[in-house]
Structure formats: structure tokens, C-alpha cells
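Me: I would like to learn how to read covalent links and charged pairs in a model, one feature at a time. Could we work through an example together?

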Amino acid sequence: MLNLKTLTPLFAVVLLLGLLWVGKDSLHNFIEHNDFSHPAKPNFGAFLNIDEKKKAFFDYLYPFVEETNQQILEDRQQLKILSKDPAKIDIDNDLITTLSQQYDLPLPKKTITQQWLTELLKRVNVIPAQLVLGQAALESSWGTSRFAEKGNSYFGEWCFTKGCGIPPLDIDLEHYHEVKSFPSVHAAVASYFNNINTNDAYSELRNIRAQLQQDNQPITAQALAHGLLEYSQIGHQYIQRLLDLINSNKDLIPTSSS
């Protein structure tokens with residue numbers, strides 16, 4: 001239930017009117033996918049102490065990462081239960097159809113197969129907070145980039161149609177792109193997870209992750225980083241920069257409970 005005492009009177013009125021207008025479920029979904037339940041975003045550019053700035057950055061983004069990983073874990077656990085006996089899975093099963101759409105893996109034409117479930121389980125999986133926060137710091141210049149400040153864009157995701165995001169200052173008309181913008185940090189983190197867990201460019205990361213689990217080894221940022229060769233045009237150099245950032249800030253990055 002919403003705790004209206006923590007909100008400003010005006011915002012409480014807006015929420016109550018919204019509750020009457022769209023219904024409780026729709027309003028809850030709206031709040032869940034925005035940042036109202038999180039502390040206000042710090043002004044990262046105002047910090048004079050570098051370590052304080054870094055800690056504020058990690059502490060601000062970490063809850064969004066944890067929430068996303070926890071939801072993925074819940075979905076994964078349900079999926080693993082179903083996968084014990086694929087022959088009994090109805091192809092119209094709500095969870096199966098939802099995850100098929102969410103993780104961009106088309107349903108088989110007739111029946112759910114073990115091969116299809118194995119591929120889906122490769123996608124429905126967590127990403128270590130160290131990796132997510134390290135990429136966010138690298139891609140957004142610790143939250144001070146124009147794209148982060150104006151569009152909640154912490155991960156440097158590109159889009160390719162005019163108006164889809166924020167254009168770079170130096171526009172390349174021959175290879176036009178914009179940096180994707182988001183209505184909330186929650187939406188930006190969700191898009192990042194979706195990108196890593198579905199994009200063919202990061203299939204190697206998903207293979208590394210699956211192999212680690214098969215070998216009963218922990219899923220680490222250091223291991224998965226090697227599956228990000230296609231994330232940047234500078235390839236291996238990008239991976240090394242990311243690993244250096246993670247290793248040099250390991251005492252400041254919160255440890256994931258996932």
C-alpha cells in the first residue's frame with residue numbers, strides 16, 4: 001500500500017485522483033516503473049571529493065540494479081520448476097509467453113522443447129551489480145554526462161531514428177544515431193538488462209554465464225566482462241578499461257545479494 005505521508009500533499013492528491021481514474025493495478029504499475037520510491041538523484045557534478053562522488057553514484061544506482069536482479073531471479077526460479085518436465089508445459093502458459101516476449105525468444109510452433117528452455121534460461125539470468133555499475137560509471141562519466149543528466153542514459157545505448165533519444169553534439173549524418181533517453185532510471189536499468197540478455201552481440205556473455213553456473217562457479221563481473229567485446233567500438237580496450245574501473249573501485253561498489 002502507498003504511504004502517502006511520505007509524499008508532498010499535492011503529489012498525494014495527484015496519486016489519489018490517479019487511483020480513482022486508472023485503477024489500483026495500473027497506478028501501481030506506473031509507480032513501480034518510475035523512481036518515486038527512491039531517494040532523489042544526487043548532483044554528481046557538485047561533489048569535490050572524488051571518492052564521495054563515486055560512492056554516491058554507486059549507492060544511488062545500486063537499488064535499481066538489485067530490484068531488477070531480484071525480479072529476474074523470481075522469474076528464473078519459476079522457469080526452472082517448469083523446465084523439469086517440458087512435455088507438461090502448455091505453450092500458452094502465462095509465464096512462458098511473457099518471458100518469450102520479454103526476452104525476445106519466439107515460442108516454438110508446436111511444443112516447448114528442452115532446447116528452447118535451455119536458451120531461455122540463458123537469457124533469464126542475473127547480471128552482477130559490479131558489472132552493471134562499472135559500465136554505468138564508464139558510460140556516463142559517473143553520472144555527469146549530458147546524456148545521463150538530460151535523459152537518464154547511464155549505459156550509452158544507441159538508437160537510430162530522429163527523436164528516439166539525445167543527438168550527439170557532433171552528428172555523423174552518414175551513420176546517424178542518437179543516445180537513447182529514458183523517463184526514469186528504472187527504465188534505463190531495465191533497458192540495459194534487456195540489451196545484455198537478448199542482443200545477439202552479447203551471446204558470448206550469456207554463454208560464459210551459463211558455463212559458470214554449470215560448473216558451480218560464481219557469476220562474476222570479471223568473467224562476464226569478456227563477453228562485452230561488441231559493446232564498444234574500441235573492443236578489447238573497452239573491456240580492459242571496464243575491468244580496471246571495477247578493480248580500482250571494488251571497495252566502493254556494493255556487493256550484490258543476487
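Me: Is aspartate 85 buried, partly exposed or exposed?

Reply: Bear in mind that this is a predicted model. Aspartate 85 has a relative accessibility of 33%, so it counts as partly exposed, whereas lysine 88, at 70%, counts as exposed. The side chains of these two residues, lysine 88 and aspartate 85, meet in a salt bridge, with N and O 3.7 Å apart.

Me: How many salt bridges does a search of the whole structure find?

Reply: Side chains of opposite charge can pair when their charged atoms come close. In this structure the search finds three salt bridges. One of them joins lysine 55 to aspartate 59, whose closest N and O atoms lie 2.6 Å apart; being four residues apart in helix H3 (residues 50–82), lysine 55 and aspartate 59 are separated by about one helical turn.

Me: Which helix holds both glutamate 119 and arginine 123?

Reply: Both lie in helix H5 (residues 114–123), four residues apart, which is about one turn of the helix, and their side chains meet in a salt bridge at 3.0 Å, N to O. Glutamate 119 is partly exposed, with a relative accessible area of 25%, while arginine 123, at 7% relative accessibility, counts as buried.

Me: Which cysteines form a disulfide?

Reply: A disulfide is a covalent bond between the sulfur atoms of two cysteines. The structure holds one disulfide, formed by cysteine 159 and cysteine 164, with their sulfur atoms 2.1 Å apart.

Me: Why is the disulfide of cysteine 159 and cysteine 164 right-handed?

Reply: The torsion about the S-S bond of cysteine 159 and cysteine 164 is about 90°, and therefore the disulfide is right-handed.

Key:
Residues numbered from 1 in each chain as written. Predicted model: local features only at pLDDT ≥ 70, side-chain atom pairs only at ≥ 80, totals over all residues. Heavy atoms only, no water. Disulfide = S-S within 2.5 Å. Salt bridge = Lys/Arg side-chain N within 4 Å of Asp/Glu carboxyl O. Helix = DSSP H or I, 4+ residues; strand = E, 2+ residues; numbered from the N terminus. Buried < 20%, exposed > 50% of the residue type's maximum accessible area, 1.4 Å probe, protein only.
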